[in-house]
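Subject: Structure handover

Hello,

Please find the structure below for your own work. Notes on what was found in it follow.

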Amino acid sequence: MDVSKTYTLNLAPRIVFGVGTAQQVGVEVRALGVSHGLVVTDGGLVQTDVPGIVTASLDAAGVKWTLFGEVEPNPSILTVEKGLALYHAQGCDGLIAVGGGSPMDAAKAIGFLASNGGSMRDYFAGKKVERPLPPLVAIPTTCGTGSEVTQFAVITDTETHFKLGIGSPFNLPKVALVDPSLLVKLPSRMVASTGMDALCHAIESYTSLLAQPVSDAFSLHAIQMIGRHLRTAVANGNLTDLTGMAMASLLAGMAFNNTRTTLDHAMSHAVTGHTGVPHGIANAILVPHTMEFNLIGSPEKHGDIAAALGEDTDGLSVMDAARAAVDAVQELADEVGIPHTLREVGVTEAHLEALADDAMKSGGIVLNPRRPTRQDVLALYKKALG
Ligand SMILES: [Fe+2]
């Protein structure tokens, strides 16, 4: 242990995990003193039985609710402001987010606007979230974002294509309700992309300059669980492996909530902001390249990642063990069907300069184990473009 360092850990105050737990959302929301909740979800989920599970539980607990089911992937300023208008118009006093990262992040933003005031553009200009949000309960329906236990709300300015992560301990949901049975109908390509997103969270957290012993424990265990469960979760969609992935995503979320993400997410946010490529896909295409770049900044930790993914690193040199982590991640991405190159998902040479500019604006850059220059980032994009 390094005696010169002090550590602070922020965690969601209450985490309820297990098959069927979504059905207790009404009780959890009522216990927080909410009388009328805004249920924030996305257009795809509205077509499924998931919102019905939530609203039936709210009804049973005597909690009034209003549905806001318009959150799009990479939620925009406009969507957040629309949700806020509905929140006020209906006299809501709490939020229930149901979905992947997009509805959860949109709900956090609606919440901080409701209690902190200002417009989304003020926060893009540097305004801070300094007051508690209305009670927020988060129910994830993917196995990747970890947003149910993080303090970050990632919102896109559709005019500039810039994605901003607005962080504050006040954004942490009061309750994270993680019910793996909600993942059973998730298409296998979504299990793959969101599962790879969780792996990126864990890898970036483990190698972040803000890593600390507790976050290391969370992130390394998450990597191990993803190595064990992701392939079979994608192949079979069975509840055992999906439960493993739900736990891994939760652990990785708790880890990066305290360490932030680093180079890979800095670069992927720029890609998704400019091109609309799904978040997990962009991360997963980039991560072998960002890991390879980072090897010399954190060789031992990359060796740990290789071992956590099941590679036999006994007898290898530190750098050979580190390189085994890159190969293991590339192999996993290939096996679960992640495209190899950014070109395959619609990125072109014409995007690269703007992507490099936006990636360099991310707060995660300075936490990366190897400090990249803009030229480094541009070179990584060129490599990943294929
Ligand atoms: Fe992510």
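In β3, W65 is the bridge partner of G37. Helices (H or I, at least four residues) and strands (E, at least two) are DSSP runs, numbered from the N terminus, and two strands pair if DSSP finds at least two bridges between them. This is a predicted model, in which local features need pLDDT of at least 70 and side-chain atom pairs count only at pLDDT 80 or more, while totals for chains, interfaces and linings use all residues. Residues are numbered from 1 along each chain as its sequence is written.

The sheet

β2 and β3 run parallel and are joined by 6 bridges. L38 stands opposite T66 in β3. β2 also pairs with strand β4 (residues 94-99), again in the parallel sense, over 4 bridges, and there V40 has A97 in β4 as its bridge partner.

These strands belong to an open sheet of 6 strands with parallel pairing, in the order β1-β8-β5-β4-β2-β3. β1 (14-17) and β3 are at the edges with a single partner strand each, so one side of each has no neighbour in the sheet. On average, neighbouring strands of this sheet are turned by 15° against each other, direction ignored. For such angles, axes are lines fitted to C-alpha atoms (for helices over the stretch in contact), and angles run from 0 to 180 degrees between N-to-C directions.

Burial is counted on C-beta atoms placed from the backbone: a residue is buried if 20 or more other C-beta atoms lie within 10 Å of its own, exposed if 12 or fewer, and partly exposed in between. In β2, 6 of the 7 residues are buried, so this strand is largely enclosed by the rest of the structure.

Helix α4

α4 lies across β2 and β3 and runs at about 165° to β3. The helix (residues 77-89) has 13 residues and reaches 18 Å from its first C-alpha to its last, close to the 18 Å expected at 1.5 Å a residue; the expected span is 1.5 Å times one less than the number of residues.

Which residues of α4 are buried? They are T79, V80, G83, L84 and Y87. Seen down the axis of α4, these buried residues fall within an arc of 140°, so they line one face of the helix. The arc is that of the directions from the helix axis to the C-beta atoms. A85 and A89 are exposed on the other side of α4.

The buried residues of α4 pack against β2 (36-42), β3 (64-71), α5 (101-116), α6 (120-124) and β6 (152-157). Contact here requires C-beta atoms, placed from the backbone, within 7 Å. Just after α4, G91 takes a positive phi of about 70°.

Helix α13

Helix α13 (residues 318-335) has 18 residues and reaches 26 Å from first C-alpha to last, close to the 26 Å expected. Its buried residues include R323, V326, V329 and L332. Among the elements that cover the buried residues of α13 are α7 (188-207), α8 (213-236), α11 (279-294) and α12 (299-308).

Domains

The domain assignment, whose bounds come from an automatic or database source, gives domain 1 (14-183) and domain 2 (188-385). Their C-alpha centres lie 25 Å apart, and 24 residues of domain 1 are in contact with 29 residues of domain 2.

Regards

Key
Contact = placed C-beta atoms within 7 Å.
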